[in-house]
Amino acid sequence: MSQVENELGLPVGFPVAEWSARQRPARTPIEGRSCRVEPLDPERHAADLHDANLKDRDGRIWTYLPYGPFESLADFRAWISRDCQGDDPLFHAIVDKASGRAIGVASYLRIEPTVGVIEVGHINYAPELQKTAAATEAMYLLMRRVFDELGYRRYEWKCDALNAGSRAAAARLGFQFEGIFRQATIYKGRNRDTAWFGMTDQDWPDIRRRMEGWLDPANFDAQGRQVRRLSAFG
């Protein structure tokens with residue numbers, strides 16, 4: 001992109017023509033082929049999620065989250081009712097369409113409609129969701145709402161800098177690594193350096209093309225195994 005200068009000859013950001021504030025994400029489901037992403041509801045989703053999460057017997061999925069694990073369904077449902085019913089963060093359940101069961105969670109947060117920036121976080125996949133087509137499709141559906149439905153300019157992913165799995169997932173999905181914020185916060189009594197990743201509306205068309213190519217049913221065999229990796233859709 002060519003450099004832009006102001007009347008003083010100083011470099012400035014490129015013009016954003018006819019920008020207006022965007023809408024906040026709606027509390028409505030997003031339908032995919034293998035999953036549905038819908039606002040998290042304690043009555044509809046808590047029992048399924050708690051049961052699915054218990055299959056992670058050593059509590060690994062809670063390591064980098066500031067809450068959990070939850071020993072009882074009552075505690076888990078109370079947490080959803082208390083902390084997960086607002087509009088920011090806007091928590092979603094990821095529902096497997098084949099079984100109708102909720103097996104994962106993700107949220108929109110730090111939503112800034114005025115400048116068109118939104119973050120995805122609180123991602124927690126039960127073991128049966130991990131490394132499945134639905135796991136990727138859920139992220140694609142959330143991206144598609146942000147860019148295609150709402151017209152936001154930027155989508156962010158942040159995680160503990162020591163969370164190698166989350167960092168690899170962000171890179172695989174097309175987020176670009178943007179740096180480390182040292183000593184950004186404290187959770188569970190320990191320091192967190194935060195790794196920042198970002199994706200813009202300029203990145204999105206190519207990312208969408210690659211993800212839709214990977215998600216195409218033709219890319220999976222009769223056992224549901226991928227034929228080509230996402231990285232092969234360059």
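1. Helix 3 (residues 133-149) and helix 5 (residues 204-215) in this predicted model have axes that come within 11 Å and cross at roughly 150 degrees. The axes are lines fitted to C-alpha atoms over the stretch in contact, with angles running from 0 to 180 degrees between N-to-C directions. Helices here are DSSP runs (H or I, at least four residues), and strands are E runs of at least two, numbered from the N terminus.

2. Helix 3 and helix 5 are therefore roughly antiparallel to each other, a term used for angles over 145 degrees. Helix 3 passes helix 5 in a left-handed crossing (the near helix is turned anticlockwise from the far one by less than a right angle).

3. On the helix 3 side, the residues include Tyr140, Met143 and Phe147, and they meet a helix 5 set with Trp204, Met211 and Trp214 among them. The contact residues divide into nine nonpolar, one polar and five charged.

4. A cavity is a set of points on a 1 Å grid where a 1.4 Å probe fits but cannot get out, and lining residues have an atom within 4 Å of a point.

5. The lining includes Trp62, Trp79, His122 and Asn124. Helix 1 (42-53), helix 2 (73-83) and strand 7 (117-125) each give two or more residues to the lining. By class, the lining has eight nonpolar, three polar and no charged residues; Asp, Glu, Lys and Arg count as charged, Ala, Val, Leu, Ile, Met, Phe, Trp, Tyr, Cys and Pro as nonpolar, and the others as polar.

6. On conventions, residues are numbered from 1 along each chain as its sequence is written, and side-chain values use heavy atoms, with hydrogens and water left out. Local features need pLDDT of at least 70 and side-chain atom pairs count only at pLDDT 80 or more, while totals for chains, interfaces and linings use all residues.

Terms used:
On a 1 Å grid over the protein atoms alone, a cavity is a set of points where a 1.4 Å probe fits but cannot get out, and a pocket is an open set with protein on both sides within 12 Å along at least five of seven lines; lining residues have an atom within 4 Å of a point. Angles under 35 degrees count as roughly parallel, over 145 as roughly antiparallel, 65 to 115 as roughly perpendicular and the rest as oblique. Contact means heavy atoms within 4.5 Å.
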